[in-house]
Amino acid sequence: MTSVKTWIVAVAAAAVLCAVVGASYLSLPALTAVVCVAAVVIGIGWPVLLEVPAKKTLAVVISLAGIATAVLASVAPAGMPLLWMAVVIALGVMAVFLIQLIRGTGQPHRLESTFGASAGLVLTSLGAGWVAAERLSANTANTGMMLVTGISMLVAIAACLLPWPDRIVAPLGVLLATLAGTLAAPLFSNVPMFPAAVVGAVVGIILVCFRRLILADGGPTRLPAMLAAGAAPVMSAGSLVYFLERMLLR
């Protein structure tokens with residue numbers, strides 16, 4: 001059976017996703033605020049999930065990276081909303097290394113802490129893609145692409161709750177997410193079916209891959225870690241959604 005902690009992770013993912021899609025219908029500042037909050041959730045829970053030392057300091061760096069990329073994506077030039085993402089990630093990784101240097105030599109889990117915190121930092125930064133996607137002309141015209149993407153991801157999240165082996169859940173989740181996007185496009189938007197299907201397939205792949213990673217060692221055991229594990233795949237999908245929509249929606 002699906003465990004309680006798996007349900008908590010899934011509910012967290014669905015909550016962050018619904019907040020992102022809902023805020024996209026309000027305003028760009030509202031969406032930016034939601035992404036910033038999600039970055040803080042990941043920042044607090046990611047070091048707990050990895051069980052690495054210097055949790056508080058790394059939480060600050062991871063959170064600030066996500067907040068900075070989201071805010072910069074909202075004010076950057078319209079044609080290059082992710083212009084500063086690489087700079088923020090580079091500075092964040094440098095900060096992670098600096099933290100490990102300050103801890104001194106001989107400290108436990110320095111390598112795991114460095115790589116793990118850097119990965120979390122990248123995940124929070126990728127969430128800025130949601131802000132960038134909202135600034136695309138297709139979304140500012142309320143085509144419904146954000147809604148279609150959200151529906152595909154919700155279906156994939158539901159599929160990830162199935163208590164079946166990965167060899168069944170993974171292809172099924174991708175297939176259902178693709179079908180959901182394809183069918184939702186004509187029903188709830190004026191988005192062409194092909195771009196909706198492609199985006200659905202990609203976000204489905206992201207979610208089933210995270211399911212495998214999260215459950216590989218039994219899953220998180222503490223609430224902050226569960227919330228971070230739920231928010232992480234939604235945030236990581238942001239930049240991929242942006243680039244796909246930019247290529248496929250003209």
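Start with the lining of the largest pocket: ten nonpolar, two polar and four charged residues. Here Ala, Val, Leu, Ile, Met, Phe, Trp, Tyr, Cys and Pro count as nonpolar, Asp, Glu, Lys and Arg as charged, and the others, Gly among them, as polar.

A word on sources. This is a predicted model, where local features need pLDDT of at least 70, side-chain atom pairs count only at pLDDT 80 or more, and totals for chains, interfaces and linings use all residues. Numbering runs from 1 along each chain as its sequence is written, and side-chain values use heavy atoms, without hydrogens or water.

Back to the pocket. A pocket is an open set of points on a 1 Å grid over the protein atoms alone, where a 1.4 Å probe fits, with protein on both sides within 12 Å along at least five of seven lines; lining residues have an atom within 4 Å of a point. The lining has 16 residues, and Leu49, Leu50, Ile214, Asp217 and Pro220 lie nearest the centre. Two or more residues each come from α2 (28–50), α10 (193–215) and α11 (223–248). Helices are DSSP runs of H or I, at least four residues, numbered from the N terminus. The most comes from α2, with four residues.

Now the helix pair. α9 (residues 166–188) packs on α10 at about 150°, axes 7 Å apart. Axes are lines fitted to C-alpha atoms over the stretch in contact, with angles from 0 to 180 degrees between N-to-C directions. The two helices, α9 and α10, are therefore roughly antiparallel, the term for angles over 145 degrees.

Conventions
Parallel < 35°, antiparallel > 145°, perpendicular 65-115°, else oblique.
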